[in-house]
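Biologist: Could you walk me through the rings and their neighbours in this one? I'm new to it, so please take it slowly.

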Amino acid sequence: MAASLAALVSPAAATDPAAVERQVRSVIEPVMREASIPGMAVVVIENGRRHQFNFGVDAPSGGKPVTADTLFELGSLSKTFTATLGATAEAEGHLSLSDPAERYEPALAGHLIGRATLLDLATYTAAGLPLQFPDDVSGNEAILRYFQNFRPEVEPGTVRRYSNPSIGLFGDLAGRATGEGFEATMTRDILPALGLRSTFLTVPEREMPRYAFGTAPTGEAIRVSPGPLDGSAYGLKSTATDMARFVEVQIDPSSLPAPLRAGVEATHLGHARVGPMVQGLGWEQYPYPVDVEMLLTGNSADMALKPQTATRLDPPQAPQGAVLFNKTGSTRGFGAYAAFVPERRIGVVFLANRNWPNATRVRAGHAILSALD
C-alpha cells in the first residue's frame, strides 16, 4: 500500500483544483474498496484554499450520499478539542496545567491520582492509567471510586500510556475549573468561538437526519454508545465543513479571539518526547518533512496499547521549523484522521463511517500532503 499511494500523487500539479481532485480520488477510492468503507468525506487545505470531496453513502445499507454536512463520529480526534478547552481555560486564568488534580476534585485529595497534574492527565503521563475504564465502571460515583482506588504503576511524567480515563478526567476537571462544566464550556464557549456550527457532543434531534451510521465489524449499522467521560475522550460528532474550519484555524489562528487563540497555540507546544513523536496537548508532532515509516510508528498499535518511556520537555517545546501535527480517532463504527503543517499551510482530514486501519489513514494522509508540498 505504501508504494502504491506514493506513486499516485504528482506534486507539480497540486495547486490545480482538478489535479487535487484526481490525486485525492486516486488515493481514496482504492482505500475505500479495500477497507469496505461505505462513505467518506475528505478535506484538503493548501495555501488558504479548501478542497472538499465526498465519497459513497452515510450508512452501510440504504444510505444517502455523503455531503460536506454529513455528521461523522470523531472518536479520539475529540481529544484535540478537549485539549483546546483546557488550554483556553488556562489562558483565561481558570487553571494552571501544573495544578494537581485534587485542586479541582477535592474527593481525590489524599489519593495517589489526586497528586497527578493536569498536564500529566492531558499528556497520558499520569502514572499508567489504562486505555479504557473497566467494563463495570458506570456513573459518576463509580468513576470517582475508580480514580480514588487507582494505584499508579510508575512516577507521574515518566511513562506515556495512551488513555481515555486520563484525558477524560482532564476534560472533566478543566470544565469544573471554568465553573460551567465540560459539556457547557465546550458547547456554549469553545465550539461557537471556533466558528463550528455543526459539531456536537449530543446530536440534536433536528440534526439526526445528517448523522451517519457507522459500520460494525460484522457489517451492521452502529453508532457510539455512552461511556464514562466519553465527551472529553471520544464523544464529538462533526462534519467535513466544520473540520475544515478546525484545521484552518490550527494553521492560522489569528482570526480567533485572544484567549482561544492562545489556547489553540498552546496545544501546539510539545510536552514529552515519546519515541519518534512529541506529545502535545491532544496533537502529536513530527518534524516535517517526515518519513512515512516514522508516522506509522507513532500511530501504531504499540503506541496506543503499550506504555512508552516519556521524556518531559521542560520548558515546553515550541514548534521548531516545519512540524506536522496529527491525530487519529476511532469509534467502533467510524474512523477519522487529521494532519496539518502550519508552516507549509497544508492539511488533510478524513471522516469515514468505518473504523479502517490507522496505518492506511496515515499512508493516505502522508501521500496527499506530500503532493501538496
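Biologist: Which ring does the charged end of Arg223 sit over?
Modeller: The charged end of Arg223 sits over the ring of Tyr211, 4.1 Å from the ring centre; a charge sits over a ring if NZ of Lys or CZ of Arg is within 6 Å of the ring centre and within 35 degrees of the ring normal. Arg223 also lies over the face of Phe213, at 3.7 Å from that ring centre.

Biologist: What should I know about the model and the numbering?
Modeller: This is a predicted model, in which local features need pLDDT of at least 70 and side-chain atom pairs count only at pLDDT 80 or more, while totals for chains, interfaces and linings use all residues. Residues are numbered from 1 along each chain as its sequence is written, and side-chain values use heavy atoms, with hydrogens and water left out.

Biologist: OK, ring pairs: how many aromatic pairs are there?
Modeller: The count comes to 12 aromatic pairs, where rings of Phe, Tyr and Trp (its six-membered ring) pair if their centres lie within 6.5 Å, and planes under 30 degrees apart count as stacked, over 60 as edge-to-face and the rest as tilted. One of them joins Phe72 and Phe334 edge-to-face, 6.3 Å centre to centre with 90 degrees between the planes.

Biologist: Where do Phe72 and Phe334 lie in the chain?
Modeller: Phe72 is in strand β3 (residues 72-73) and Phe334 is in the loop between β13 (323-330) and β14 (335-341), so the pair links distant parts of the chain, 262 residues apart; strands (E, at least two residues) are DSSP runs numbered from the N terminus.

Biologist: Is Phe72 buried or exposed?
Modeller: Phe72 is buried, with a relative accessible area of 0%, and Phe334 is buried with a value of 0% as well; buried means under 20% relative accessible area, exposed over 50% and partly exposed in between (1.4 Å probe, protein chains only).

Biologist: And what do Trp283 and Phe340 form?
Modeller: Trp283 and Phe340 form an edge-to-face aromatic pair, 4.8 Å centre to centre and with 90 degrees between the planes. Trp283 is in the loop between β9 (277-279) and β10 (284-287), while Phe340 is in strand β14, 57 residues apart. Trp283 is buried at 0%, and Phe340 counts as buried at 0% relative accessibility.

Biologist: Which residues form one aromatic cluster?
Modeller: Phe81, Phe246, Trp283, Phe325 and Phe340 form one aromatic cluster.

Biologist: Switching topic, where does Thr70 lie?
Modeller: Thr70 lies in the loop between β2 (49-56) and β3, and at 5% relative accessibility Thr70 counts as buried. A polar atom of the Thr70 side chain lies 2.9 Å from the backbone nitrogen of Thr67.

Technical notes: Helix = DSSP H or I, 4+ residues; strand = E, 2+ residues; numbered from the N terminus. Polar contact = N/O pair within 3.5 Å; in protein donor to acceptor, adjacent residues only side chain to side chain.
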